[in-house]
Amino acid sequence: MTRRLIYLLPALIFAGIAGWFWQGLSPNRDPTLVPSVMIDKEVPAFDLPPLTADAPGLKSADLKGHVSLINFFASWCVPCRAEHPLLFGLAQDKHLEIDGIAYKNKPEDADGYLAELGNPYARVVLDQPGRTAIDFGVYGVPESYLIDRDGRIRFRQVGPLTEAVIEGQLKPLIAELSK
Amino acid sequence: MTARAVIGRAVASLALLLFAVNLAAAVEPSEMLKDPGLEARARAISQEIRCLVCQNQSIDDSNADLAHDLRVIVRERLTAGDSDRQVKDYLTARYGDFVLLDPPFRTKTLILWAGPAALLLLGIAIIAFAARRRRAVAAAPLDENERRRLAQLLDQSK
């Protein structure tokens, strides 16, 4: 009897492989998502000029001491417009500073975008060459990075922030980090 | 065919050939380095770096903005005196192993690299095992009764 069980082995192996492949087809899995290697690492060094001459710029050292959300956006980016209203809700959190980095955007375009949709950011700076974005591992806009008090990246969102991501992941993490 | 037509054809096919060779690359002349040795290394590295926007093209092939930026970075690093290894490390520090089109050998990629060899060895082992068993069965000689019956059958069929 036990010898016969060996004939079940191929069926079991098939079931195992089929299950594994089935998981790969799950609609919740985005195969184009590039996982960040920057999580739990210190933010890359940067020093970016402000969008408007009278406002402060932003450099990596400025991020120490408080929880911040760095949001890479551009006026030419359509999904940015979708996430933009949600940033105002997040901006109400007193423990959180939201800083915007305009990626490959002319100052006048970024300015027009914020004049049109409102400005949820504490600081808005320009990354015209897009090098700071590359140092963060950005490969498209929008992308958002949650930075803890010690200046470490704790969370990264590729693509627009959604209600589900904000409520389910971002807010609990912000609450934990600002304790 | 006149000599002129022959030359015309030769030029046309040569142009076509050059075009075909150049078709895949997205490198713009303004990006290229003056030093042909460095440029050749930059091309070779670029062909192994994944464009993160299109994902199934190398940055050497892709017209995406980010691919252009990464091509320029590769050339900057080489000009600064980096080795090929260092240039790739610079990129993987930002984008992870995913940026390499050729996945490196890690514990995470063990199944990928060792899987086919392991399956081949398993297959050889199964075949060897089955062959040995078959030989063991075939080696049993006929006994006296069987041999007589076989002779009978052979006689009948004549």
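In which loop of chain A does Pro142(A) lie? Pro142(A) is located in the loop between α4 (131-136) and β6 of chain A, where helices (H or I, at least four residues) and strands (E, at least two) are DSSP runs, numbered from the N terminus. The structure is a predicted model, in which local features need pLDDT of at least 70, side-chain atom pairs count only at pLDDT 80 or more, and totals for chains, interfaces and linings use all residues. Residues are numbered from 1 along each chain as its sequence is written, while chains are lettered from A and ligands numbered from 1 in the order in which they are written.

The peptide bond that joins Val141(A) and Pro142(A) is cis, with omega at about -5°. Both residues are in contact with Cys77(A), when the neighbours of Cys77(A) within four places in sequence are left aside; two residues are in contact if their C-beta atoms, placed from the backbone, lie within 7 Å. Cys77(A) itself belongs to the loop between β3 and α2 (78-91) of chain A. Because 21 other C-beta atoms lie within 10 Å, Cys77(A) is buried. The classification takes a residue as buried if 20 or more other C-beta atoms lie within 10 Å of its own, exposed if 12 or fewer, and partly exposed in between, with C-beta atoms placed from the backbone. Between Cys77(A) and Arg131(A) the separation is 54 residues in sequence and 18 Å in space, C-alpha to C-alpha.

Strand β6 (residues 143-147) of chain A is largely enclosed by the rest of the structure, because five of its five residues are buried. In a regular strand the side chains alternate between the two faces of the sheet. In β6(A), Glu143(A), Tyr145(A) and Ile147(A) point one way, whereas Ser144(A) and Leu146(A) point the other way. On one flank, β6(A) pairs with strand β3 (residues 67-73) of chain A in the antiparallel sense over five bridges; two strands pair if DSSP finds at least two bridges between them. Within this pairing, Leu69(A) stands opposite Leu146(A), and Asn71(A) is opposite Ser144(A). Strand β7 (residues 153-158) of chain A also runs antiparallel to β6(A) and is joined to it by five bridges. Here the bridge partner of Ser144(A) is Gln157(A). The hairpin of β6(A) and β7(A) has five residues between the strands, and Gly151(A) in this hairpin adopts a positive phi near 80°.

These pairings form part of an open sheet of five strands in chain A, with mixed pairing and the order β5-β4-β3-β6-β7. Strands β5 (123-127) and β7 of chain A stand at the edges with a single partner strand each, so one side of each is left without a neighbour in the sheet. Neighbouring strands of this sheet are turned by 20° against each other on average, direction ignored. Helix α5 (residues 163-177) of chain A packs on the sheet and touches β3, β4 (96-103), β6 and β7 of chain A. The direction of α5(A) makes about 165° with that of β7(A); axes are lines fitted to C-alpha atoms, for helices over the stretch in contact, and angles run from 0 to 180 degrees between N-to-C directions.

Two loop residues of chain A other than glycine take positive phi values. For Asp40(A), phi is about 70°, and the residue lies in the loop between α1 (9-24) and β1 (47-48) of chain A. Asp40(A) counts as exposed because it has 10 C-beta neighbours inside 10 Å. For Lys104(A), phi is near 50°, and the residue occurs in the loop between β4 and α3 (107-117) of chain A. Lys104(A), with 20 C-beta neighbours inside 10 Å, counts as buried.

Chain B contains six helices and zero strands. Of its 158 residues, 16% count as buried. Helix α6 (residues 144-156) of chain B lies largely in the open, because zero of its 13 residues are buried. The mean pLDDT of chain B is 87, and 85% of its residues reach 70 or more, pLDDT being the predictor's confidence in each residue, from 0 to 100. The contact between the chains takes ten residues from chain A and nine residues from chain B. The predictor assigns the complex an ipTM of 0.86 and a pTM of 0.79.
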